[in-house]
Each structure stands twice: as C-alpha cells, then as structure tokens.
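Open the model in a viewer and keep the selection panel at hand. The stops below say what to select and what is there.

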Number of protein chains: 2
Amino acid sequence: MRKVILASGNKGKLKELQEILNDLPFELIPQPKTVEYEVEETGTTFIENAIIKARHAAQLSGMPAIADDSGLVIDALNGEPGIKTARYAGFGCTPQDNMDLILAKLKPFDDKNQRKATFVCALVYMRSANDPLPVIAVGQWHGAITREKHGDAGFGYDPVFWDFNYKMTAAQMPKELKTQLSHRGKACRKLEKKLKKIWDK
Amino acid sequence: MRKVILASGNKGKLKELQEILNDLPFELIPQPKTVEYEVEETGTTFIENAIIKARHAAQLSGMPAIADDSGLVIDALNGEPGIKTARYAGFGCTPQDNMDLILAKLKPFDDKNQRKATFVCALVYMRSANDPLPVIAVGQWHGAITREKHGDAGFGYDPVFWDFNYKMTAAQMPKELKTQLSHRGKACRKLEKKLKKIWDK
C-alpha cells in the first residue's frame, strides 16, 4: 500500500484524518518529530501555509504528503485571528488567553450577527515536492462568537464558537455532531472525495 | 460600484474576465504597468503564485484584487512545464520554442494516453492584502499533446493541445467552444459562482 506522510506531529489530527480517509488506498504516516521537519509558515493565507508544510514533508521524506492549516476568521476583527489563531495572544499563550483576547476585542459588538465567525480548515495533498497542482480541500464552519465560554469538550476556541442551527457551542457538542459540522470534518470529506476521483481514473 | 484590481497587465485576460464576470457588482481595473507592480513569483504551485500576485496588487492599490496563474501539466513529464509553462524553453523564448521542446521530450511516447496533459488555471480573489481566506477557483482542461501542431487560433500551447471529445486541438476550435471547454473559462465561471454566493449573503 502506498505511504503518505502527514505533515503534522499532532496525534489528534492524525487519528481524525486516518478515521475519515481510511477507505482510501494509502497508509498515513506521521512525520518524524525532528527539528528538520519544522518549517517556517511564511504565508499569509491558510492555503499557503498548508502547501508550505506539505511541500517540506514531501521534500524530506520523498513521499506524497498531506498537510492542514486551520484557524478562526472573525468578520468584525477584519479576519483576525486568521493564520495567527493558535498564537493570537502571543508566543506560548494558552487557549484561555486567546479566548479572553477575542472576547475583550468583541466587547463593543452586542448582537450575534455582529459577532459572526468562521472556522476554516485547508487540507492539501501533494504528490511530490514539485507538484504544481496540489489537491486542495477547504472546509468552513460558519457561526458566531459567544459572550462567555460554554462547555468543556473539544479544544482551542470551541467554548466560544456558537453554532446557529444547533444553538450551542462547539464545546457543548457530542463528538460525532462536531465531526459532522466542523471545518476539519468537512475538509477531510472533501479531500477524500477528490482523492477517490483521482485514483479511480 | 466597488472597484477590484486585476493583477495582470494582459489585455486579453482583462477582457475575458470582464466578459465572464460582468454580472457581478464590481468594476475590474487593470493594474498599472509600473515596475512596482511587478512581483517575483516564488511559489512552486499555481495557487501560490496567483495568491502572491493578488496580495501584491491589493497591498499597493488598497483595493480587493483578482489574479490568475495558469499553465500546462504533462503527466509523462512529471507535471512539467507546470509553473514554468510560459518560459519552459528559457528566458525570452517563444511559444514555438516551448512547443518544440515538449514535442521533443514526448517523442518516446507514442500513444495519446501516454501523452495526457492538463491545462490549469487558478484564479484568486483577495478582499485585502491580509485576507487569510482568499476565494479560489481552479479550472482544468484534460487532453493530450499531439505529435505535430494543428490550427492557428488561440495562443501558447493551443496548437499541440488535443481535446479527446471534440477531436481537435485548442487552436482548431472556434472561440466560443474554447471558452466553454477551457481551463480559464471554467475557472472564471467557478469564481463568478463563488463571488455571487458571498455577495448575496
């Protein structure tokens, strides 16, 4: 079976991708946790950073590579935290710090419609480091930022991300529901569909 | 009406985009032909290079920007000429030089199925230079490289790009048919659909 390297050391991501992509004829291998596999994310968009990570892993390993980049885009904050989602409150900050910062910045906005936000996940599959046309799948989850934290499941900004249809935050959802709605779930399923098409040809 | 800058000095592209996007509520303006608007395309993928051009134009102009990057991907040549499509035979080369080079490289491959090729167009719309989630539309045209040039319409590699359904090269097609089938036509129509969705919200 062909091997594909996952350009992430994150075990949670590996498991989620493996679960969703397990119908496809390849084995997903996490990249080694060595310094040489770290790469500076110099892009200003999710897609560029996912490509940068996939290319780097493909280059070093000689295998096809999958990478993701994801984050939160808040309309009222001009798209922030965007690609700085994980480090919005500064280097070494916690998810609590990040949530506190966006809650503070959104204080002037009362209505949920003024507090609209989108979770974004960009997934990239590169056949090789010089593949000019990577397969790209972007998943989005539209919602709003609450005024306080609710729920304790999930991670990151989940306790302040409100889903309009289910009237709860991402951190209040059962895991299955979150996978169905989430940006990462959607991106994974889109990628699966696109890869199937390629390999069925 | 909102103004959007087109990150290309190419009049043909401007006209084609204006024709297809003319239902949308914006005026497409070509970028000035000054040195400051030139930018180095440092990406290794079509999408990265389109983002680089759009970001640069948005940064300088303060307007939203549209950019494209396009080229030819040949399976048997490992994806070449890819992002080097316009300059495959070297700096200052002509379309004739480029076609001669790929015909020479593909000599060992007899069958059209071994000579499969895809024309690709990546179109990007950025709301601003720091937009983390540009709108992206990729159009593809699948075909094969002929053994000789046929036809004299179109430009670039059109005389050697064979369409399996219509059994002629891109350079033998009436303009309307080419716009319907072509990578650029498809990308434009996809972009139009995506932008409509955003602005109808």
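Start in chain B with Ser8(B), which counts as buried at 9% relative accessibility. This residue sits in the loop between strand E1 (2–6) and helix H1 (11–20) of chain B. Show its surroundings: apart from neighbours within four places in sequence, Ser8(B) is in contact with Lys13(B), Pro30(B) and Gln31(B). Keep in mind throughout that this is a predicted model.

**Second stop: another buried loop residue**

Stay in chain B and select Thr146(B), placed in the loop between strand E6 (135–145) and strand E7 (161–163) of chain B. With a relative accessible area of 3%, Thr146(B) is buried. What is Thr146(B) in contact with, leaving aside its neighbours within four places in sequence? The contacts are Leu103(B), Arg115(B), Pro159(B), Val160(B), Trp162(B) and Thr169(B).

Select Asp69(B) and Lys53(B) and display their side chains, which meet in a salt bridge with an N to O distance of 3.0 Å. Asp69(B) belongs to strand E3 (residues 65–74) of chain B and Lys53(B) to helix H2 (residues 46–61) of chain B, so the pair ties together parts that are 16 residues apart in sequence. Both Asp69(B) and Lys53(B) are buried.

Now move to chain A and select Glu41(A), Lys53(A) and Asp69(A). These residues are linked in a network of salt bridges.

**Fourth stop: the interface**

Show both chains together. Chain A contributes 24 residues in contact with 24 residues of chain B. The two chains bury about 1600 Å² between them, with 67% of that on carbon and sulfur atoms. To see where the chain A side loses the most area to chain B, select Glu48(A), Pro132(A) and Leu133(A); together they account for 35% of what that side buries.

Polar contacts across the interface come to 6 residue pairs, both members at pLDDT 80 or more.

Which elements of chain A each supply at least two residues of the side that touches chain B? Colour helix H2 (46–61), strand E4 (116–126) and strand E5 (135–145) of chain A to see them. H2(A) gives the largest share of that side, 6 residues. By residue type, the side of chain A that touches chain B divides into 14 nonpolar, 6 polar and 4 charged.

Over all chains the structure holds 26 salt bridges. Two of those in chain A follow.

Select Asp110(A) and Arg147(A), which form a salt bridge with the closest N and O atoms 3.5 Å apart. Asp110(A) lies in the loop between helix H3 (95–105) and E4 of chain A, and Arg147(A) in the loop between E5 and strand E6 (161–163) of chain A, so the pair ties together parts that are 37 residues apart in sequence. Asp110(A) counts as exposed, at 58% relative accessibility, whereas Arg147(A) counts as partly exposed, at 43%.

Next select Lys178(A) and Asp158(A), whose salt bridge has its closest N and O atoms 2.7 Å apart. Here Lys178(A) lies in helix H4 (residues 175–181) of chain A and Asp158(A) in the loop between E5 and E6 of chain A, so this pair ties together parts that are 20 residues apart in sequence. Lys178(A) is buried, with a relative accessible area of 16%. Asp158(A) is buried as well, at 3% relative accessibility.

How many disulfides does a search of the whole structure find over all chains? The search finds 0. Select Cys121(A), which is in no disulfide, and then Cys188(A), whose sulfur is the nearest cysteine sulfur to that of Cys121(A).

Methods
Residues numbered from 1 in each chain as written. Chains lettered and ligands numbered in written order. Predicted model: local features only at pLDDT ≥ 70, side-chain atom pairs only at ≥ 80, totals over all residues. Heavy atoms only, no water. Contact = heavy atoms within 4.5 Å. Buried area = accessible area lost by both parts, 1.4 Å probe. Polar contact = N/O pair within 3.5 Å; in protein donor to acceptor, adjacent residues only side chain to side chain. Helix = DSSP H or I, 4+ residues; strand = E, 2+ residues; numbered from the N terminus. Nonpolar A, V, L, I, M, F, W, Y, C, P; charged D, E, K, R; others polar. Disulfide = S-S within 2.5 Å. Salt bridge = Lys/Arg side-chain N within 4 Å of Asp/Glu carboxyl O. Buried < 20%, exposed > 50% of the residue type's maximum accessible area, 1.4 Å probe, protein only.
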